[in-house]
Amino acid sequence: METARASGDATGLIGIDWGTSSVRAFRMGRQAELLDQRHSKHGIMHLPQGGCPPGRMPRATAFEQAFQELCGDWIQESPGAPVIASGMIGSAQGWRQAPYLRVPCDPKSLARTLTTIDRGPGNTPIHVIGGLEQTTPRANVMRGEETQVLGVLRRFAHTERLPLGPLLIGLPGTHSKWVWVSEEGCITRFETVMTGEVFGLLCRHSLLGQTMTPREDATSHMGAFRQGLSTARDEGARLGVLSDIFTTRAMSLSGRLAPNEQADYLSGVLIGHEVVALVRQLKQDMQDMQPPPVVLCGDSRLCERYRTALIDQGVMPAAEFTDACAEGLWSIADQAALLAPSQVPPTASS
């Protein structure tokens with residue numbers, strides 16, 4: 001792991017994004033500037049020595065070892081720096097379960113209900129952010145994405161050229177999230193769409209994947225992707241997405257899609273259906289009112305696809321960010337009064 005040179009005295013916060021398959025750690029300065037960033041493969045399903053099966057170390061010990069390997073030297077250099085974590089570390093399979101909070105939920109509520117992992121005398125505790133739960137209009141949960149949302153809000157608030165008011169924040173990924181945020185910064189509603197996971201399953205484990213040529217580089221065939229968007233928005237497609245995904249095979253057999261275009265076309269069909277449904281819902285919700293600005297946050301290449309799909313539906317995203325987790329961790333730590341009193345409320349970091 002490569003790290004930047006920074007003195008321990010400069011550390012204002014250590015933030016952790018602990019996921020299922022990997023972990024990221026952020027070392028932030030006293031004005032929220034990012035000093036160092038590290039990555040580890042020890043997500044909650046890939047802990048050292050596998051966690052608690054017979055003959056392996058206890059699960060809590062495995063978490064402690066992963067934590068020490070990731071940022072133990074930061075703790076030694078800056079023993080007074082608080083540590084805050086989000087993501088699957090607080091799940092039932094995590095280090096310690098942090099209860100969900102129900103929406104609507106504001107940043108102060110998240111900050112007031114942090115779960116503390118006591119690592120023993122003389123060791124810095126870890127403050128874990130609980131996820132969010134939605135019971136109506138239908139069941140939904142998120143764990144970790146709420147921190148990204150608060151990071152987006154912090155960046156958005158510090159970018160003067162962007163409009164103020166309610167927002168719709170899109171977090172494209174394996175399980176894409178669409179999060180409605182009020183003008184006061186309260187998360188009022190969210191939806192999860194398993195577009196990314198379904199795409200992966202279809203490419204790897206279905207008949208469709210048998211004729212696809214795997215790409216060895218990051219080359220994208222956006223023309224084929226736009227064809228998929230066109231299929232998804234076709235008013236004549238009355239039988240929906242399960243019907244439309246089969247056109248990938250039909251078009252490949254007829255020679256209308258080359259093997260190296262089929263995955264991009266399928267991506268267009270799936271993302272297109274997701275965005276068509278989203279925009280339809282927005283129109284129903286808002287009726288004659290102006291819909292909220294849409295902000296995207298995620299991998300730049302994936303965001304490009306969602307931006308293209310939104311524009312195809314007449315929606316121009318107001319802003320796009322690659323990642324906002326570090327800012328979200330800082331924002332919640334600030335609300336929870338974990339930061340040193342001498343630390344000035346930060347400006348947005350890049």
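**Exercise 1. Helix 5 against helix 9**

Task: Find the handedness of the crossing of helix 5 and helix 9, then describe how the two helices pack.

Solution. 
Step 1. Look at the crossing in this predicted model. Helix 5 and helix 9 cross in a right-handed way.
Step 2. Take the geometry. The axes of helix 5 and helix 9 are 11 Å apart, and the packing angle is about 45°.
Step 3. Classify the angle. Angles from 65 to 115 degrees count as roughly perpendicular, those under 35 as roughly parallel and those over 145 as roughly antiparallel; the rest are oblique. Helix 5 and helix 9 are therefore oblique to each other.
Step 4. List the partners. Helix 5 supplies Met222, Phe225, Arg226, Leu229 and Arg233, while helix 9 supplies Glu304, Arg305, Thr308, Ala309 and Asp312.
Step 5. Sort them by class. The contact of helix 5 with helix 9 has 5 charged, 4 nonpolar and 1 polar residues.

**Exercise 2. Helix 5 against helix 8**

Task: At what angle do helix 5 and helix 8 pack? Which residues meet?

Solution. 
Step 1. Read the geometry. Helix 5 covers residues 222-233 and helix 8 covers residues 262-286. Their axes are 7 Å apart, at an angle of about 40°.
Step 2. Classify. Helix 5 and helix 8 are therefore oblique to each other.
Step 3. The crossing of helix 5 and helix 8 is right-handed.
Step 4. Name the helix 5 side of the contact. Ala224, Phe225, Gln227, Gly228, Leu229, Thr231, Ala232 and Arg233 take part.
Step 5. Name the helix 8 side. Here the residues are Asp264, Tyr265, Ser267, Gly268, Val269, Ile271, Gly272, His273 and Val276.
Step 6. Count by class. The contact of helix 5 with helix 8 has 8 nonpolar, 7 polar and 2 charged residues.

**Exercise 3. Helix 4 against helix 8**

Task: How are helix 4 and helix 8 oriented to each other?

Solution. 
Step 1. Take the angle. Helix 4 (residues 195-205) and helix 8 have axes that cross at roughly 150° and come within 10 Å.
Step 2. Compare with the cut-off. Angles over 145 degrees count as roughly antiparallel. Helix 4 and helix 8 are therefore roughly antiparallel to each other.
Step 3. Helix 4 passes helix 8 in a right-handed crossing.
Step 4. List the residues. Thr195, Val198, Phe199, Leu202 and Cys203 of helix 4 meet Ala263, Leu266, Ser267, Leu270, Ile271 and Glu274 of helix 8.
Step 5. Sort them. The contact of helix 4 with helix 8 holds 8 nonpolar, 2 polar and 1 charged residues.

**Exercise 4. Glu327**

Task: Where does Glu327 lie, and what does the side chain of Glu327 contact?

Solution. 
Step 1. Locate. Glu327 belongs to helix 10, residues 325-335.
Step 2. Judge the accessibility. Glu327 has 4% relative accessibility, so Glu327 counts as buried.
Step 3. Find the partner. The side chains of Glu327 and Arg155 make a polar contact at 2.6 Å.

**Exercise 5. Backbone details**

Task: Which residue is joined to Pro104 by a cis peptide bond? Which residue is joined to Pro137 by one? Then treat Ala32 and Ala337: is each buried or exposed?

Solution. 
Step 1. Start with Pro104. Its cis partner is Val103, with omega about 0°. Pro104 lies in the loop between strand 5 and helix 2.
Step 2. Turn to Pro137. The peptide bond from Thr136 to Pro137 is cis, with omega near 0°. Pro137 lies in the loop between strand 8 and strand 9.
Step 3. Take Ala32. Phi of Ala32 is positive, near 75°. Ala32 is in the loop between strand 2 and strand 3. Ala32 has 3% relative accessibility, so Ala32 counts as buried.
Step 4. Take Ala337. Phi of Ala337 is also positive, near 60°. Ala337 is in the segment after helix 10. With a relative accessible area of 65%, Ala337 is exposed.

Key
Residues are numbered from 1 along each chain as its sequence is written. This is a predicted model: local features need pLDDT of at least 70, side-chain atom pairs count only at pLDDT 80 or more; totals for chains, interfaces and linings use all residues. Side-chain values use heavy atoms; hydrogens and water are left out. Axes are lines fitted to C-alpha atoms, for helices over the stretch in contact, and angles run from 0 to 180 degrees between N-to-C directions. Helices (H or I, at least four residues) and strands (E, at least two) are DSSP runs, numbered from the N terminus. A crossing is left-handed if the near helix is turned anticlockwise from the far one by less than a right angle, and right-handed if clockwise. Contact means heavy atoms within 4.5 Å. Ala, Val, Leu, Ile, Met, Phe, Trp, Tyr, Cys and Pro count as nonpolar, Asp, Glu, Lys and Arg as charged, and the others, Gly among them, as polar. Buried means under 20% relative accessible area, exposed over 50%, partly exposed in between (1.4 Å probe, protein chains only). A polar contact is a pair of N or O atoms within 3.5 Å; within protein, one must be able to donate a hydrogen and the other to accept it, and residues adjacent in sequence count only if both atoms are side-chain atoms.
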